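Please keep the sequence and the model in view while reading.

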Amino acid sequence: MKLISVKSLLMVAITFFSVSQIAKAEERVVATVDGYPIMQSQVNKALGKKANTEANRKVALDSLIDDFLVQRAIKESGVKANYAYVDQMIEQIAAQNGLTYGQFLDALDYQGITLNQYRQQLAQQMMMEQVRHQTIGQSIQVEPQEVQALGKKLYEEAKAQGTLKSATSPEYRISHILLKTNPILTDAKAKAKLVEISNEIKSGKTTFEAAAKANSVDYVSGADGGDLGWNFLDAYDQTFAKTAQASKAGVISAPFKSQFGWHILKVVETRQGDRTKDAYIQKAYEQLVDKQAEAASKDWVKALKDRAEIKYIN
């Protein structure tokens, strides 16, 4: 029986220790994305046959971070692949290239790509495009002060150059009566109360102004007979604005509920109001949004990165 020397055992131990140390080194965390670890072994795999240089390692690591952020964005967005639409797109791609469906499959096969692989790749691209649009929208942040400043600048420049374009839109003078619900005054009771008040006004027992002073819990306008003064409809709650827009002047609306409570309203009169300054503020807002959207669309993955906490670990 041949004995194994102590020296041989030592060499085996040293070799095993070295391999273990290399394996541990490969498994170290090289970066985190919102706490999610990117491992050295992943970077090594991403390198493939490329030279293991610092520049190539950085490219591989950044690619892994980008891929993680894109896949997470797709998952969080809830976007799902519509494979019926994907199949339609494949047929269109074949037709655009002057190929029958069978010829297109042959072309894929020639490149070593199966139909299922191609479908998955196309579905992934389509989901990424949907998420890209969502991400760009979420990354746009326009400060009100910036909008006001640019709007004023555009207005003054146009005025000085004699190119000022006036803008008008309907302005409404509205009176209303507001009731708010509580444990005693339920929705049904508040609505019924407003119907009763409306009937009393229509029958001539009281006036809208007197009823507002006696019943409205919008105490500021109530003291003025329910008069809200002149305003554009976008100043109001959406339900309130829609009701006013659909109402004829001098006619009391049916009771309706907004985020503030139950109302009846009366459009006293309307006029065309000057919205020139508002139009230039809107123009400023659109310019700022378009500028940010253009920048974000050039590199939407950068927008994902800007919202993530990325830490590189040496």
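In which helix is Arg-119 found? In this predicted model, Arg-119 belongs to helix α6. Arg-119 counts as buried because its relative accessible area is 18%, and buried means under 20%. Apart from residues up to four places away in sequence, Arg-119 touches Tyr-83, Val-86, Asp-87 and Ile-90.

In soluble globular proteins, nonpolar side chains tend to be buried together. Here the largest nonpolar core has 24 residues, and those with the most contacts inside it are Val-33, Ile-38, Leu-61, Ile-65, Leu-69 and Trp-300. Two or more residues are given to this core by each of β1 (29-33), α2 (40-47), α3 (54-77), α6 (115-139) and α13, and the largest share, 9 residues, comes from α3. Val-33, when its neighbours within four places in sequence are left aside, is in contact with Ile-38, Ile-65, Phe-68, Leu-69, Arg-72, Ala-308, Glu-309 and Ile-310. A second, separate core of 12 residues includes Leu-179, Ile-201, Ala-212 and Trp-262.

**Helices α3 and α13**

Two packed helices are described by the angle between their axes and the distance between the axes. The axes of α3 and α13 come within 10 Å and cross at roughly 85°, and the two helices are therefore roughly perpendicular to each other, since angles of 65 to 115 degrees count as such. On the side of α3 the contact is made by Asp-62, Ile-65, Asp-66, Leu-69, Val-70 and Ala-73, and on the side of α13 by Trp-300, Val-301, Leu-304 and Lys-305. Sorted by class, this contact of α3 with α13 has 7 nonpolar, no polar and 3 charged residues.

Within α13 (residues 300-307), the residues Trp-300, Val-301, Ala-303 and Leu-304 are buried. Why do they lie on the same side of α13? They are placed there because they cover an arc of only 155° around the axis.

| Residue | Relative accessible area | State |
|---|---|---|
| Tyr-172 | 10% | buried |
| Ser-175 | 3% | buried |
| Leu-179 | 8% | buried |

Ser-175, under the exclusion of neighbours within four places, is in contact with Phe-208, Gly-225, Gly-226, Asp-227, Ile-264, Leu-265, Lys-266 and Val-268. Leu-179, which is included in the second core, touches Leu-185, Ala-190, Lys-193, Leu-194, Asn-215, Val-217, Gly-261 and Trp-262.

Tyr-172 and Leu-304 are 132 residues apart along the chain, and their C-alpha atoms are separated by 44 Å. Leu-179 and Val-70 are 109 residues apart in sequence and lie 50 Å apart in space, C-alpha to C-alpha. Leu-304 and Val-70 both take part in the contact between α3 and α13, whereas Leu-179 is included in the second, separate core.

Key. Residues are numbered from 1 along each chain as its sequence is written. This is a predicted model: local features need pLDDT of at least 70, side-chain atom pairs count only at pLDDT 80 or more; totals for chains, interfaces and linings use all residues. Side-chain values use heavy atoms; hydrogens and water are left out. Buried means under 20% relative accessible area, exposed over 50%, partly exposed in between (1.4 Å probe, protein chains only). Contact means heavy atoms within 4.5 Å. Helices (H or I, at least four residues) and strands (E, at least two) are DSSP runs, numbered from the N terminus. The arc is that of the directions from the helix axis to the C-beta atoms. A nonpolar core is a set of buried Ala, Val, Leu, Ile, Met, Phe, Trp, Tyr and Cys residues joined through side-chain atoms within 4.5 Å. Axes are lines fitted to C-alpha atoms, for helices over the stretch in contact, and angles run from 0 to 180 degrees between N-to-C directions. Angles under 35 degrees count as roughly parallel, over 145 as roughly antiparallel, 65 to 115 as roughly perpendicular and the rest as oblique. Ala, Val, Leu, Ile, Met, Phe, Trp, Tyr, Cys and Pro count as nonpolar, Asp, Glu, Lys and Arg as charged, and the others, Gly among them, as polar.
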